[in-house]
Amino acid sequence: MRARHRGAAVAIALALAASACQGASTGASADGWTPPRTPDGQPDLQGVWTNYTATPFEVPDERDDLALYSGDTDGTGRGTGPAAFLTDTTGRTLAKGRSLVVDPPNGRVPILPWAEEQRTFKLLHIQDHWEHHTPWERCITRGVPGGIFPTGYGSGYQILQGPGYVAIVYEMIHEARIIPTDSRPHVGSGIRLWNGDSVGRWDGDTLVVDIANYNDKGSIATNAATQRVRSIPQSQDLHVVERFTRVDENTIDYEATIEDPKVFTAPWRVAIPLHREPDYRIFEYACHEGNLAIPNTLSAGRALRVRPR
Amino acid sequence: MRTTLVIAAAGLAVLAGGAPAVAHHSFAAEFDGTKPVTLTGTVTKMDWINPHAWLSIDVKGPDGKVVSWMVEGGAPNALLRRGWNKSSVPAGMVVTVQGYRARDGSNRANGRDVTLPDGKKLFIGSPGTGAPGEGR
């Protein structure tokens with residue numbers, strides 16, 4: 001709780017610093033667009049951004065059990081929703097490629113069989129135990145980088161910058177990251193975190209964030225739009241490198257390279273455009289204030305055990 | 001052996017009607033799509049809570065007995081973006097709610113349309129949950 005208050009204080013400080021940065025200069029080079037700078041010279045990523053997209057997370061494969069990922073496992077057509085993965089609810093056509101997974105080139109995440117088996121077991125037995133729910137359903141976190149994987153609502157992200165720090169406020173389940181940009185070492189290996197330890201640096205105009213020190217309790221992805229990857233576990237060996245590059249006034253190209261040799265056969269990379277939405281209002285999403293879905297789902301499971309269908 | 005397998009998930013879908021696809025958890029894990037219910041009753045409160053709003057109504061049965069029901073809605077931010085506000089369904093208003101019953105048999109339902117006294121319909125649900133007939 002104390003840490004949370006400290007985080008809030010830092011966020012407020014960053015917000016104040018950000019407001020001081022509003023007058024930052026904007027410049028364009030002769031041969032192309034260059035990002036504006038904050039007064040202390042950082043590339044300016046600040047603003048409210050959304051990640052709506054019409055691009056599927058993975059390239060679909062006919063062997064995919066879309067019903068499983070979407071919740072329709074009793075054949076009634078009534079799962080979590082249609083086996084769709086479009087999360088562009090804006091009416092625009094926001095598709096840039098055949099999948100958000102850009103590496104490997106086939107657009108498929110190289111998941112080890114045991115991890116898929118664990119995911120399938122959890123999804124099939126979701127009513128049996130709270131631990132079978134993803135951390136998102138439990139209102140803990142959507143993860144890093146999973147918190148930036150599109151889900152179709154609660155899609156706002158606010159980036160704030162102050163000297164030596166970048167803060168990202170996630171609308172969905174009300175998360176905030178405070179990222180130092182001084183390339184400091186990661187925290188000690190004994191410290192394990194749901195979202196890992198984020199350490200940033202600037203590589204030219206790109207914010208590069210290295211994340212390590214994960215615990216092994218989370219999921220690399222939590223929502224159905226991530227298809228086959230949803231509820232795939234993360235190990236303590238998970239290592240993620242994020243890159244935020246503002247490529248024009250209204251677009252940040254976001255990329256995350258994910259490696260976890262205990263879970264995946266090779267590193268993989270996902271690329272997601274973030275769209276500047278100055279008029280988008282980020283609402284509070286205090287996920288834990290009334291998360292009745294968990295007790296109600298477990299209660300449904302108990303009822304089914306008493307009265308099997 | 002249980003044959004009904006249900007999945008919780010973060011719902012999403014873009015349906016033909018173009019409504020936002022929203023759901024923090026699954027329809028099927030908690031509610032039964034084969035058990036539609038229509039409830040007419042008096043609003044006692046609307047909880048604007050996350051991750052899903054809940055509408056409470058008192059429903060008078062044929063025997064005159066009043067039964068309290070809880071109706072699950074979409075996320076508050078999704079309802080706000082859809083046009084709902086604090087005064088959409090004030091306490092005391094008589095509304096008719098269409099929805100689907102909870103699998104555990106309790107007096108809870110997943111809400112879909114809410115019909116107001118003037119006949120106006122408000123969609124309270126989470127499109128993309130896979131609830132039957134949600135072509136909106």
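Pro180(A) sits in strand β7 of chain A, residues 175-180; helices (H or I, at least four residues) and strands (E, at least two) are DSSP runs, numbered from the N terminus. The model is predicted, so local features need pLDDT of at least 70 and side-chain atom pairs count only at pLDDT 80 or more, while totals for chains, interfaces and linings use all residues. Residues are numbered from 1 along each chain as its sequence is written, and chains are lettered from A and ligands numbered from 1 in the order in which they are written.

**Two prolines of chain A**

- Pro180(A) is partly exposed because it has 15 C-beta neighbours inside 10 Å; a residue is buried with 20 or more other C-beta atoms within 10 Å of its own, exposed with 12 or fewer, and partly exposed in between, the C-beta atoms being placed from the backbone.
- Beyond residues up to four places away in sequence, Pro180(A) touches Gly164(A), Tyr165(A), Val199(A) and Gly200(A), where contact means that C-beta atoms placed from the backbone lie within 7 Å.
- From Pro180(A) to Val166(A) the C-alpha distance is 6.5 Å, at a separation of 14 residues in sequence.
- Pro113(A) belongs to helix α3 of chain A, residues 113-124.
- With 8 other C-beta atoms within 10 Å, Pro113(A) is exposed.
- Pro113(A) and Val263(A) lie 150 residues apart in sequence, with their C-alpha atoms 8.5 Å apart.

**Strand β4 of chain B and its partners**

- Strand β4 of chain B (residues 94-102) is largely enclosed by the rest of the structure, because seven of its nine residues are buried.
- Strand β1 of chain B (residues 31-47) runs antiparallel to β4(B), joined by eight bridges; two strands pair if DSSP finds at least two bridges between them.
- In this pairing, Thr40(B) is opposite Thr96(B).
- Strand β5 of chain B (residues 108-115) also pairs with β4(B) in the antiparallel sense, over five bridges, and Thr96(B) is opposite Thr115(B) there.
- β4(B) and β5(B) make a hairpin with five residues between them, and Gly105(B) in the turn has a positive phi of about 80°.

**Nonpolar core**

- The largest nonpolar core has 80 residues, and Ile159(A), Val166(A), Leu55(B), Ile57(B), Val71(B) and Ala109(B) touch the most other members; such a core is a set of buried Ala, Val, Leu, Ile, Met, Phe, Trp, Tyr and Cys residues joined through C-beta atoms within 7 Å.
- β1(B) supplies the largest share of this core, five residues.
- Apart from neighbours within four places in sequence, the contacts of Ile57(B) include Leu39(B), Val43(B), Trp69(B), Val71(B), Val95(B) and Val97(B).
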